[in-house]
Amino acid sequence: MATTENSEAVTQAAGGDAALQDLRYNPADIEARWAERWAEQPDLYAAEPYPSAKPKYYVLEMLPYPSGQLHMGHVRNYSIGDTLARYMWMQGYNVLHPMGWDAFGLPAENAALKNNTPPRQWTLANIVAMKRQMNRVGFSYDWRNEITTCLPDYYRWNQWFFLRMFERGLAYRKKSKVNWCPLCATVLANEQVVNGCCWRHDEQIVEQRDLEQWFLRITRYAQELLDGLAKLDGWPEKVRTMQRNWIGRSEGAEIDFALADECTVPEDEEKARRSGTAILPARDDVKPSGNKIAVFTTRVDTIYGATSLQLAPEHPLVKQMAAGDPALAESVAALLEQQRKAREAGDVGAIEKHGVFTGYYAINPFNGERLPVWVGNYILLDYGTGAIMSVPAHDDRDYEFAKKYGLEIKVVILPRRGGEAVENGERDSLLPFTDEDSLLINSGEFSGLGCQEAQHKMAAVAQEQGFGKPTVTFRLKDWGISRQRYWGTPIPMLYCEKDGIVPVPDSELPVLLPDNVEITQQGGSPLGRIPAFVNATCPKCGGPARRETDTMDTFVDSSWYFYRYTDARNDKAPFATDTVAYWFPIDQYIGGVEHAILHLIYSRFWTRVMRDLGLIENDEPVRRLFTQGMVIRNGAKMSKSKGNVVSPDEMIARYGADATRMYSLFAAPPDRDLDWQEDGVAGVSRFLGRVYRFAIKHGSSAATSEAGSKSTRAAAPASPSPTTQALLRKLHQTIRKITEDFAGRWHFNTDIAAIMELVNLLTAAEPQIAAGEVPDAVLAEILRTLTLLLAPFAPYLAFELWQHIGQTDNLLRAPWPKFDEALAKEEQIEIPVQINGKLRSVICVDADATEEQIRDAALAEPKIAAAIAEKEVARVILVPRKLVNIVVK
């Protein structure tokens with residue numbers, strides 16, 4: 001094997017200090033040198049400008065909130081995206097891989113209170129610190145596209161979009177019951193309430209308050225958002241299911257129940273008891289305004305079984321019914337308080353059912369029966385119409401309520417058990433019977449129809465006769481974006497005594513956040529205490545006006561930021577339409593599953609709004625979504641709030657950036673949770689040291705071999721040694737595995753394990769290499785390819801080795817190696833052999849052996865032959881290349 005004078009000197013002095021120093025892996029020295037070189041190349045990670053002849057690839061990790069320090073949870077997320085970006089560059093793609101900062105938000109205000117530091121100063125200082133950390137880890141971001149959402153050049157476009165939505169009726173203001181977090185001192189969207197608690201403060205119960213708020217009409221796109229999920233086959237099914245459930249489409253009918261003209265007590269006392277009139281006397285003194293109660297139901301087929309109506313405590317009719325009746329008003333107030341507490345606890349469905357009879361009746365339009373009208377604490381005003389028909393025999397909640405208050409229970413759907421109809425005497429034991437796969441009974445002209453057929457026919461009859469219609473409702477509610485805090489985008493609206501609500505003209509954007517604001521988190525938005533901000537001039541009449549002092553929900557910032565990355569310095573528009581058309585949709589988006597409802601559904605809505613504004617052509621922002629697992633430490637998700645974070649700075653100082661990021665990819669599959677173990681980082685560092693020492697000792701072959709410098713693959717020798725064959729086979733098997741994994745599921749942990757196996761084989765073969773059994777050209781190919789395989793996972797070391805083996809082209813864009821199927825093919829394979837499902841032996845056969853040859857080899861294997869000698873072989877089951885199972889009697 002040819003060697004240079006330098007490598008001979010190293011070999012001769014292997015026992016000396018100089019040789020040891022040359023072979024010692026020093027990540028601090030290597031990484032500092034390459035970090036400095038990369039910093040001197042601002043275009044290193046730049047995408048080619050549109051248009052480009054290369055295929056595009058837009059890979060993106062969700063942008064972070066600049067809290068001050070990265071932890072290993074961040075590093076894992078960004079390492080996945082960085083690894084993919086580097087691989088796609090090597091595959092010849094034009095890669096866009098940007099990063100920015102979700103910089104508005106409550107923590108900055110909390111820091112201002114705690115440290116007496118203005119939010120802007122605190123946030124920008126944190127960005128500097130976190131950007132330094134990202135660069136030190138070696139993430140391949142093109143900082144020329146950096147965006148910071150708290151700066152006017154970004155949030156002016158939030159305001160611009162809001163004005164466009166206001167013009168189209170998509171932004172509106174109304175008084176509404178809202179979620180209020182006492183710790184945040186602000187409103188939360190429905191999606192920000194998790195199990196009744198604030199999404200930021202998981203032990204703080206959210207309260208209900210009535211406030212004037214700005215809303216975005218996301219419900220206008222509810223059906224389209226739902227339909228679009230079917231096309232997102234590159235998204236995890238879990239995320240699509242979560243969004244589907246949150247949108248919550250319900251098909252049914254809206255039926256009008258006329259209020260009875262007279263509310264008298266029925267003569268039959270037993271019937272009175274069952275109908276509820278024994279609880280409170282019937283009313284005939286006050287008639288509510290309006291003459292009907294609209295009820296939404298998904299089971300109109302059960303309407304003949306309705307025995308009462310239930311109204312939400314906040315239903316407008318309830319207030320009228322309680323007028324002049326202190327006892328009823330007091331009972332309703334108690335129900336409302338019970339519901340409020342259940343909402344705050346996060347599970348209204350589990351509430352103990354309570355109700356009160358109003359003294360009023362309504363007429364069932366299908367059969368003319370009088371139904372008592374109740375108020376129930378489990379009925380929600382914001383679902384359907386805020387009123388339900390109670391069918392105890394066929395609804396779990398209604399059954400529980402009816403049993404509690406002794407209301408009538410009427411069976412109108414034929415109960416079945418095991419597909420067979422149940423006789424009258426046994427039906428009570430099956431109640432409530434909620435299955436739709438049955439027939440109607442006791443339902444007049446509709447008896448005998450199947451449930452689903454009856455639903456369509458009865459809704460049609462209601463529409464024809466004018467007392468109802470088929471209806472679709474959604475669980476999804478409009479997005480409340482008003483926040484009573486300082487550190488957010490000012491809402492660009494004015495209030496004029498003469499002209500009412502007036503939008504700020506585009507020419508006056510951005511409406512700037514003032515500096516030096518006193519933050520108390522009490523008494524509403526801090527902006528309301530700044531006369532210079534509040535007092536404005538109405539653009540319509542020229543008179544005095546008051547500026548809106550609420551700011552926007554920070555999820556507005558993150559709903560469209562990835563579009564701005566494509567044209568981050570545009571001061572004329574949010575972005576250039578043709579540039580966005582080239583880059584979108586995002587090819588791969590990476591982030592936590594906790595954003596499935598919040599950020600991801602909002603961004604899908606925002607994309608459709610921009611499409612309808614004519615700014616973009618795509619319907620969806622993201623083609624493929626990957627949700628990485630969490631990093632767990634001490635049994636909990638790693639987070640600053642839990643005090644269990646591990647700083648990457650500490651790990652890098654001890655083991656290097658490559659080992660730190662590579663461990664985050666190696667310790668668990670990317671979609672699974674990773675249980676943090678520092679010993680694992682140390683182990684990866686030791687492995688990289690082995691790679692480094694092997695390459696330094698043998699790299700002269702790659703540096704001097706013509707094959708190593710001019711060819712991506714050296715031809716196998718005509719008569720290769722067994723060692724050469726084994727090394728080339730493992731090399732090409734490793735290329736194949738990693739290449740296929742990048743194209744499918746990302747098994748980065750097993751990819752790194754495959755590289756480790758290759759290195760193990762190389763170090764085990766060092767005596768044969770020293771003996772000249774492996775040609776220089778083959779060793780050069782192996783070292784060059786090993787370096788390419790390491791490049792996405794450990795870029796610092798890969799760049800160092802690339803230079804050491806004499807390569808002068810840019811490793812970042814060096815072509816990814818291709819595997820040779822013939823070289824990767826195993827000559828022989830091992831196949832386990834079972835007898836009656838129990839492992840008895842293992843046979844070794846040619847890789848291309850036929851099933852008959854494998855069968856014969858298994859039966860002839862001495863242990864197997866002895867075990868079945870006196871038995872009858874019933875059959876032999878072959879799983880190709882995997883298993884032989886011999887069934888004997």
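**Rings and charges**

Guide: The charged end of Arg-547 sits over the ring of Phe-533, 5.6 Å from its centre; this term requires NZ of Lys or CZ of Arg within 6 Å of the ring centre and within 35 degrees of the ring normal. This is a predicted model, in which local features need pLDDT of at least 70, side-chain atom pairs count only at pLDDT 80 or more, and totals for chains, interfaces and linings use all residues. Residues are numbered from 1 along each chain as its sequence is written, and side-chain values use heavy atoms, with hydrogens and water left out.

Visitor: Over which ring does the charged end of Arg-217 sit?

Guide: The charged end of Arg-217 lies 4.1 Å from the centre of the ring in question. That ring belongs to Tyr-172.

Visitor: Why is the pair of Phe-742 and Trp-816 edge-to-face?

Guide: Rings of Phe, Tyr and Trp (its six-membered ring) pair if their centres lie within 6.5 Å; planes under 30 degrees apart count as stacked, over 60 as edge-to-face and the rest as tilted. By this rule the count comes to 58 aromatic pairs. For Phe-742 and Trp-816 the centres are 6.2 Å apart, and the pair is edge-to-face because the planes stand at 80 degrees.

Visitor: How many residues apart are Phe-742 and Trp-816?

Guide: Helices are DSSP runs of H or I with at least four residues, strands are runs of E with at least two, and both are numbered from the N terminus. Phe-742 is in helix 24 (residues 722-743), whereas Trp-816 is in the loop between helix 28 (795-804) and helix 29 (821-824). The pair links distant parts of the chain, and the separation is 74 residues.

Visitor: Is Trp-816 buried or exposed?

Guide: Buried means under 20% relative accessible area, exposed over 50%, and partly exposed in between (1.4 Å probe, protein chains only). The relative accessibility of Trp-816 is 5%, so this residue counts as buried.

Visitor: Which residue meets Arg-611 in a salt bridge?

Guide: A salt bridge is a side-chain nitrogen of Lys or Arg within 4 Å of a carboxyl oxygen of Asp or Glu, and the structure holds 44 of them. Arg-611 is in helix 19 (residues 598-612), and its partner, 387 residues apart, is in helix 8 (residues 222-228). At 2.4 Å, N to O, the partner of Arg-611 is Glu-224.
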